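Reader: Can you walk me through this model? Keep it short, please.

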Amino acid sequence: MSKIIAIAMQKGGVGKTTTTITLAAALVEQNQHVLVIDLDPQGNLTQHAGFDPDNISPTIYDSLKAEVDGFAGDVKSAIYTSEEGFDLLPSQPELSLIELSLMNTLSREQVLTTILDDVRDAYDYILIDCSPSLGLLVINALTVADSVLIPIQAEYLAARGALMIMSTIETVRRKKLNANLEIEGILLTMADARTTLARDVEAAIIAQYGDDIHIFNPIVRRSIRFAESAAVGQSILTYEPTNPGAQAYRDVAAEILAANKGG
Ligand SMILES: Nc1ncnc2c1ncn2[C@@H]1O[C@H](COP(=O)(O)OP(=O)(O)OP(=O)(O)O)[C@@H](O)[C@H]1O
Ligand SMILES: [Mg+2]
């Protein structure tokens, strides 16, 4: 049985894409069979994995489009293997058009669930990189997912930024789109090592959510190596394996594996 984790947060630039790809690479290091899905029309994850979102075909767009148009889309043909050993279901810019077509589609929240039916059992983990919005594509991700991982930037007022995604998760549960949707945890990212701010933010997040939600113990520190690794189409695990940021994501992967063992 696969475990599907959506990486979601409506705020932009908090580390969703970086977390998705780095976690995928860390799970591969632990001998897990992993599929990552780029559900963001920006295509950042596709690029980060070493593919060109402007020149790749077919993509998840084709699978969703076929389903919206009433055909059974062949999702397997849109899955590629990355150099780092995880599989990728890439995005392309046209994915932004799907949001509108979904509006008039039957069971519009379940289209992603349908197209993943054929492949979900082939993987240990499926990670879905969401766009910084709360549109129908994100709702599709939250509907098919077993859990949500929420990256939060370690800065003042960060805890407030999580309120919208929390309330969306609650709505998805309440409307029975996905009554069992869990929160895998909150991950603090982009912490500045030189200040005590990250610890202050961590304390605030723990005070606000810690009773109900797992807060990942590793905090991901700020490092220019993340952007550099993205530019060359690699995860930081390959680009600079000894970087503390790489180790933080290995620790996150270990926490996830331990939490899901035997489950
Ligand atoms: N720990 C980190 N330290 C420094 N830079 C980081 C870190 N994590 C991510 N970045 C960089 O910050 C930028 C935004 O990160 P990323 O693209 O992962 O965020 P995102 O939440 O996916 O953004 P969007 O909402 O636009 O999809 C990227 O340039 C990325 O390389
Ligand atoms: Mg992103």
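Predicted model: local features only at pLDDT ≥ 70, side-chain atom pairs only at ≥ 80, totals over all residues.

Reader: Ligand first. How many residues surround ligand 1?
Author: The shell holds 20 residues, and the closest are Gly12, Lys16, Thr17, Thr18 and Pro132. A residue is near if its C-beta atom, placed from the backbone, lies within 6 Å of the molecule.

Reader: Which helices each supply at least two residues of that shell?
Author: α1 (16-29) and α10 (224-231) do. Helices are DSSP runs of H or I with at least four residues, strands are runs of E with at least two, and both are numbered from the N terminus.

Reader: What is the shell by class?
Author: Seven nonpolar, 10 polar and three charged residues. Nonpolar covers Ala, Val, Leu, Ile, Met, Phe, Trp, Tyr, Cys and Pro; charged covers Asp, Glu, Lys and Arg; the others, Gly among them, are polar.

Reader: Back to α1. At what angle do α1 and α12 pack?
Author: About 65°, with the axes 9 Å apart; α12 spans residues 244-260. Axes are lines fitted to C-alpha atoms, for helices over the stretch in contact, and angles run from 0 to 180 degrees between N-to-C directions. The two helices are therefore roughly perpendicular. Under 35 degrees counts as roughly parallel, over 145 as roughly antiparallel, 65 to 115 as roughly perpendicular, and the rest as oblique.

Reader: Which residues make the contact?
Author: From α1, Thr22, Leu23, Ala26, Leu27 and Glu29; from α12, Tyr249, Arg250, Val252 and Ala253. Contact means C-beta atoms, placed from the backbone, within 7 Å. By class that gives six nonpolar, one polar and two charged.

Reader: And α6 with α8: at what angle do the axes cross?
Author: Roughly 60°, and the axes of α6 (residues 136-144) and α8 (residues 163-174) come within 10 Å. That makes α6 oblique to α8. Ile139, Leu142 and Thr143 in α6 meet Thr168, Ile169 and Val172 in α8. This contact has four nonpolar, two polar and no charged residues.

Reader: New topic. Is Val34 buried or exposed?
Author: Val34 is buried, because 24 other C-beta atoms lie within 10 Å. The cut-offs are 20 or more for buried, 12 or fewer for exposed, and partly exposed in between, with C-beta atoms placed from the backbone. Val34 lies in strand β2 (residues 34-38). Leaving out residues up to four places away in sequence, Val34 touches several others, including Ala24, Leu27, Phe86 and Tyr125.

Reader: What about Glu94?
Author: Partly exposed, with 14 other C-beta atoms within 10 Å. Glu94 lies in the loop between β4 (87-89) and α4 (95-103).

Reader: Which non-glycine residues have a positive phi?
Author: Asn31 is one, at about 65°. Asn31 sits in the loop between α1 and β2 and counts as exposed, with 8 C-beta neighbours inside 10 Å. Lys176 also has a positive phi of about 65°. Lys176 is in the loop between α8 and β7 (182-189) and is exposed, with 7 other C-beta atoms within 10 Å.

Technical notes: Residues numbered from 1 in each chain as written. Chains lettered and ligands numbered in written order. Contact = placed C-beta atoms within 7 Å.
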